[in-house]
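Please keep the sequence and the coordinates at hand while reading.

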2 protein chains.
Amino acid sequence: MLNLCGADWTPRFVDYFQRRDAHPAYREINEMGEAPVLEFGRERLSQSGVILDYLAAKFGRFGWRNDEERREILRWTLFDNHKFTSYIATLRFLMSLQKTGETPVTEFLRGRALNSLGIVDKHLAAQRFLIGDSLTIADVSLCGYLYWPDEFGVSWKDYPNIGRWLDTIAALPGWVHPYKLMPGHPLPEKKG
Amino acid sequence: MLNLCGADWTPRFVDYFQRRDAHPAYREINEMGEAPVLEFGRERLSQSGVILDYLAAKFGRFGWRNDEERREILRWTLFDNHKFTSYIATLRFLMSLQKTGETPVTEFLRGRALNSLGIVDKHLAAQRFLIGDSLTIADVSLCGYLYWPDEFGVSWKDYPNIGRWLDTIAALPGWVHPYKLMPGHPLPEKKG
């Protein structure tokens, strides 16, 4: 989102493997213990959906024109947090970072992740972006973890509308692959 | 929320055990396959956070005064969908409805649910409601599944600020225990 808006920004590393997210000093920054946190002057925001909402207003990009559109963006952002990135990101964490191998938990998460991918793929069959013909912060929210499908064991051949949608987003001015935005992330280093 | 606002409304039963949520006819009502759905005249809304947002505007109750408050409500509603009710409701479903017994999946969900309960309990130590001194739709969102703690194996003795907060909400005019609002729910019948 920051890159798509042409923002001037710097990433800061949070070490989940050292459980820095549970450290009292980090809980002072975010009581929920999560990343990302956006710092801008005196403002400090957490929850990616809140950060996207704030940036949409700040840059006047990818937001809504009325309350109906705002709620449609909210509908997909809540689905993302509840059923989509929530399961996909956790499945990826266990598979590719913790490397637990196949367990009842990965099986449980995969069942839910694939169901949610099917819902989004079906929705995108009829339209270019999640809400009509233009990118909104809902698209930015849902696409975040999808540029490394091998890390949670999915191929876009099985979800062709999602694959096409991701290509459309990746072709937008300013887009950069997420790993390039996260120096210090363990996976690209291991791959390299 | 509907009761707290004094709305005139009627519940409609969705049979999750018969997987009515996955039926094509239900997917016509909600492509995400979830309950609740709010129908009002020609409007049809899904995602509880969207429904709460809509009702706050409709009734002029429990909403926000400015964008900062709106984002603070959004922050807790997203946390609820991602890490709080999401894990608590799923844990309860497995424990009390599917009756799977203890499994690696219930253990996984319980770890995450208890962590999130600790975050909310700590937050509520300093204030009456999630956002300051007045009830907002964020409180309504998070409290939904908490009036049956035995069904996911928690006691409010371990989270006293949550217990106090739930009592405060239950004392508000119009509040009714969730089971009384859901005729046909399997659990109270089994208990009776």
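A polar contact is a pair of N or O atoms within 3.5 Å; within protein, one atom must be able to donate a hydrogen and the other to accept it, and residues adjacent in sequence count only if both atoms are side-chain atoms. By this rule, the side chains of B:E34 and B:Q47 make a polar contact at 2.8 Å.

This is a predicted model, in which local features need pLDDT of at least 70 and side-chain atom pairs count only at pLDDT 80 or more, while totals for chains, interfaces and linings use all residues. Residues are numbered from 1 along each chain as its sequence is written, chains are lettered from A and ligands numbered from 1 in the order in which they are written, and side-chain values use heavy atoms, with hydrogens and water left out. The predictor assigns the complex an ipTM of 0.95 and a pTM of 0.95. For chain A, the mean pLDDT (the predictor's confidence in each residue, from 0 to 100) is 94, and 98% of the residues of chain A reach 70 or more.

The interface of the two chains comes next. Chain B contributes 36 residues to the contact and chain A contributes 36 residues, where contact means heavy atoms within 4.5 Å. About 3,300 Å² is buried between chain B and chain A, and carbon and sulfur atoms give 60% of this area; buried area is the accessible area (1.4 Å probe) that two parts lose on being put together, summed over both. Between chain B and chain A there are 10 residue pairs in polar contact, both residues being at pLDDT 80 or more. On the side of chain B that touches chain A, α2 (48-59), α3 and α4 (104-124) of chain B each supply at least two residues. The most comes from α3(B), with 15 residues. Helices (H or I, at least four residues) and strands (E, at least two) are DSSP runs, numbered from the N terminus.

Leaving aside residues up to four places away in sequence, B:E34 touches A:F79, A:H82, A:K83, B:Y16, B:Y26 and B:Q47.

How many salt bridges does a search of the whole structure find over all chains? The search finds 22, a salt bridge being a side-chain nitrogen of Lys or Arg within 4 Å of a carboxyl oxygen of Asp or Glu. Across the interface of chain B and chain A, the rule finds 8 salt bridges. One salt bridge joins B:R75 and A:E31 at 2.9 Å, N to O. Another joins the side chains of B:K83 and A:E34 at 2.4 Å, N to O. This pair crosses between chains, from B:K83 in helix α3 (residues 67-97) of chain B to A:E34 in the loop between α1 (24-29) and β1 (37-40) of chain A. Both B:K83 and A:E34 are buried.

Within chain B, B:E39 and B:R12 form a salt bridge at 3.4 Å, N to O. The pair links distant parts of the chain, 27 residues apart: B:E39 lies in strand β1 (residues 37-40) of chain B and B:R12 in the segment before α1 (24-29) of chain B. B:E39 is partly exposed, at 37% relative accessibility, whereas B:R12 is exposed, at 70%.

B:D67 and B:R70 form a salt bridge at 3.1 Å, N to O. Both lie in helix α3 of chain B, 3 residues apart, about one turn of the helix. B:D67 is partly exposed at 41% relative accessible area, while B:R70 is buried at 7% relative accessibility. Salt bridges that share partners join A:D53, B:D67, B:R70 and B:R71 into one network.

Aromatic rings complete the description. Rings of Phe, Tyr and Trp (its six-membered ring) pair if their centres lie within 6.5 Å; planes under 30 degrees apart count as stacked, over 60 as edge-to-face and the rest as tilted. Over all chains, 14 aromatic pairs are found. Among them, A:W76 and A:F79 are edge-to-face, at 5.6 Å centre to centre and 80° between the planes. Both residues lie in helix α3 (residues 67-97) of chain A, 3 residues apart, about one turn of the helix. A:W76 is buried at 0% relative accessibility, and A:F79 is buried at 1% relative accessible area. Ring pairs link A:W76, A:F79 and A:F84 into a cluster.

Technical notes
Buried means under 20% relative accessible area, exposed over 50%, partly exposed in between (1.4 Å probe, protein chains only).
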